[in-house]
Amino acid sequence: MQASLRQSALSLAFLVLSLAVAACGPSSDGDDSGDDDTPDGPSLRIEPGDVTLHVENGVAATQAYVVLAVDEDGGETDVTAEATLTVAHSALGTFAGATFTSAPDRAGRTTVRAEWDGLTGEAALTLMLRHVVIEPGAPADAPGRFDGATPGGAAPSIVYPASGVIVPPNLNALELHYMRGGSNDLFELTFTGDLVELAIYLPCTTLGAGCAWLPSEDTWELLATAARGETPLWYQVRGLSGTSVGESTAQWIQFAADDLLGGIYYWNAAGSIMRYEFGRRGQSAETYLNVTQTAGTTCVGCHTLTRDGSRMAVGLDIPGPAAVETFRVSTRESLWSAGGLGGGFPSGDTDGANFTTFSPDGEVLAGSDGSNMWVRSSTDGTGKTQVLPNALMPDWSPNGDRLVFARSAQSVPFGGALGTNAGSLFTVDTATWQGIQPLVASTGATDNNYYPAYSPDGSLVVFNKSALEDSYDAVDARVWVVPAAGGAPVQLANASPAPGGDSWPKWAPLVHAYQGGDVLWLTFSSRRAYGLRGAGNAQIWMVGVDPARAAAGMDPSFAAFWLPFQDFASGNHIAQWVESVDRQECNPDTPCPTGEFCEGGVCLPEVD
């Protein structure tokens with residue numbers, strides 16, 4: 001009886017979702033522009049013009065289409081037999097002639113396209129899905145056990161991720177950590193959204209004091225396709241012990257509309273720069289640069305890259321100030337270098353840099369040697385000019401007209417380098433290196449503002465704020481944003497809650513979309529606990545930021561999530577983003593470096 005009631009409730013919910021989708025679709029009488037029956041010229045019309053199909057229990061849905069050629073006078077000719085029909089999102093299904101057959105386990109929105117005699121026509125197609133996945137180790141009758149269970153049992157609790165997270169659809173891996181609740185030994189994980197109802201039955205895969213679940217590639221694609229650019233998915237864990245069932249509090253997760261493209265380079269505290277090309281499932285970060293590739297050095301550390309990913313500037317050895325060396329990213333070829341303490345590099349230049357930034361076109365490098373800021377050619381290091389005193393941690397604006405930097409009340413050493421004490425933030429005109437404007441003013445010794453960085457649209461500057469006088473890896477550091485043109489700073493309380501310890505915030509270089517508008521991706525290094533895996537070394541975390549909320553003075557951040565490609569046992573910092581990963585070209589006469597293989601004429605990292 002309970003199983004019947006539960007099935008009826010699910011069917012009613014699915015019907016409501018169907019009606020909601022239909023209500024949001026185009027209306028035949030709500031747009032005057034569609035009332036004119038006289039076409040501007042020959043065209044194609046697809047019938048039916050707006051379809052919603054239901055895919056349930058692994059059974060594919062089908063839809064037959066008719067393609068009509070419409071002439072200048074409104075006359076129609078059936079050209080279905082000669083027309084070619086395709087679907088924009090091939091993962092949702094395929095055409096055989098004029099009949100569309102859905103995938104048995106996908107939901108989403110797409111476009112049907114018809115082509116005939118140089119003409120094209122389009123129609124909207126929506127797939128709604130109700131699906132069940134039984135994970136290995138769970139009994140085949142798990143759905144029935146939950147349907148027949150008595151409510152009121154011990155409730156599981158979700159530990160990670162936090163509710164309110166937004167992720168790129170091609171993140172590909174996101175662990176769920178939960179406490180089992182009492183003696184529960186069988187679990188039901190449900191996801192419910194505008195287009196999908198997914199129930200997953202699983203045993204406990206032990207992690208620490210609780211359980212963990214990592215979606216398979218197929219399950220991730222199901223969820224990402226169904227929820228891409230849609231309203232949030234609500235998810236919940238129910239736990240079964242005998243015939244008693246308890247349920248967790250429901251949480252939500254949202255998927256952006258766009259894949260996150262490009263690459264990320266970050267510093268591993270063991271002394272290497274790591275690289276990851278976003279969206280490669282199952283691929284760990286690769287070692288890009290270490291001391292074996294930089295002769296005569298003991299450490300590679302602080303680094304920055306051009307926006308297009310073609311050049312990199314790296315700090316070497318002791319940051320007091322560090323020697324700086326620039327590389328062509330694709331080949332790791334050294335372009336030029338400037339010595340740090342006492343010089344010692346072939347250029348004979350004694351001014352290194354702890355922090356550097358490239359101009360948007362990549363042609364100029366600005367660097368801070370701990371006391372002053374210089375600029376010089378990024379191609380060969382020539383033309384070095386001192387432009388600002390007491391200017392630390394520079395970052396160039398996306399359009400190149402201004403540069404933001406931190407200015408310390410007094411110099412503070414961190415590990416032989418120079419940080420900030422009671423730091424304030426300023427911007428400067430890069431055409432003249434004049435017209436310094438205050439952005440965030442320190443209120444005193446316990447208000448340290450540092451590590452500023454422009455957002456990719458130039459509207460915001462992200463920065464760290466700490467009450468400590470040493471800016472390096474401050475245990476209380478929180479992440480804030482401020483309008484780039486000036487205004488009141490806003491704390492990212494959702495992304496960077498107390499007690500802090502979130503440092504080195506850096507933006508991904510492109511603006512993306514989500515259901516609520518634009519989303520900017522931000523990373524920072526944090527020592528917070530990664531769910532049931534605990535805390536320890538600093539790790540790279542990522543968060544979505546809504547610039548419209550920031551403009552309204554609201555906390556623009558979602559909840560943060562751990563990036564899955566990094567080594568949990570190492571300390572990871574300074575995640576620098578590029579629009580694309582510039583890889584070495586290869587052929588039979590030009591082999592790839594160790595750890596890479598040649599495919600499509602470029603060197604790719606070997607799969608773990």
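**Entry 1: ground rules**

Helices (H or I, at least four residues) and strands (E, at least two) are DSSP runs, numbered from the N terminus. With that in hand I went to Arg 332, which sits in the loop between β27 (323-328) and β28 (333-338). Before going further I noted that this is a predicted model, where local features need pLDDT of at least 70, side-chain atom pairs count only at pLDDT 80 or more, and totals for chains, interfaces and linings use all residues. Residues are numbered from 1 along each chain as its sequence is written, and side-chain values use heavy atoms, with hydrogens and water left out.

**Entry 2: the chain as a whole**

I counted elements first: the chain has four helices and 50 strands. Then I looked up burial, where buried means under 20% relative accessible area, exposed over 50%, and partly exposed in between (1.4 Å probe, protein chains only). Of the 608 residues, 53% are buried. The accessible surface is about 24,600 Å² (Shrake-Rupley method, 1.4 Å probe; for residues, only the protein chains shown count as cover). Carbon and sulfur atoms hold 52% of that surface.

For contacts (heavy atoms within 4.5 Å) I checked sequence separation. Among contacts with a separation of 6 or more, 57% join residues 24 or more positions apart.

The chain averages 89, and 88% of its residues reach 70 or more. Residues 1-35 are below 50, and that stretch has 33 contacts in the model beyond near neighbours in sequence. I also flagged residues 413-417, where pLDDT stays under 50 and the model has 13 contacts beyond four places in sequence.

Arg 332 has a phi near 65°, a positive value in a residue other than glycine. Is Arg 332 buried or exposed? I found 14% relative accessibility, so Arg 332 counts as buried.

I followed β25 to strand β26 (residues 311-316) and found four antiparallel bridges. Leu 305 faces Met 312 of β26 there.

**Entry 3: another positive phi**

Ile 574 is not a glycine either, yet its phi is about 55°. I placed Ile 574 in strand β48 (residues 572-578). With 3% relative accessibility, Ile 574 counts as buried.

Strand β49 (residues 596-599) pairs with strand β50 (residues 602-605) in the antiparallel sense, over four bridges. Which residue of β50 is the bridge partner of Phe 597? I read off Leu 604. Two residues lie between the strands of this hairpin, and Gly 600 takes a positive phi near 65°.

**Entry 4: cis prolines**

I noted a cis peptide bond from Tyr 160 to Pro 161, with omega near 0°. Pro 161 is in the loop between β12 (157-160) and β13 (165-167). I also noted a cis bond from Ala 498 to Pro 499, with omega near 5°. Pro 499 belongs to the loop between β42 (490-491) and β43 (502-507).

**Entry 5: helix α3**

Why do I call helix α3 (residues 217-227) largely enclosed by the rest of the structure? Because eight of its 11 residues are buried. Trp 220, Leu 222 and Leu 223 are among them. Just after α3, Gly 229 takes a positive phi of about 70°.

**Entry 6: Val 482**

Last stop was Val 482, in strand β41 (residues 478-483). Its relative accessible area is 0%, so Val 482 is buried. Leaving aside neighbours within four places in sequence, I found Val 482 in contact with several residues, including Leu 439, Val 440, Leu 460, Phe 463 and Pro 489. Phe 463 is 19 residues away along the chain, and the C-alpha atoms of Val 482 and Phe 463 are separated by 8.1 Å.

Notes:
Two strands pair if DSSP finds at least two bridges between them. pLDDT is the predictor's confidence in each residue, from 0 to 100.
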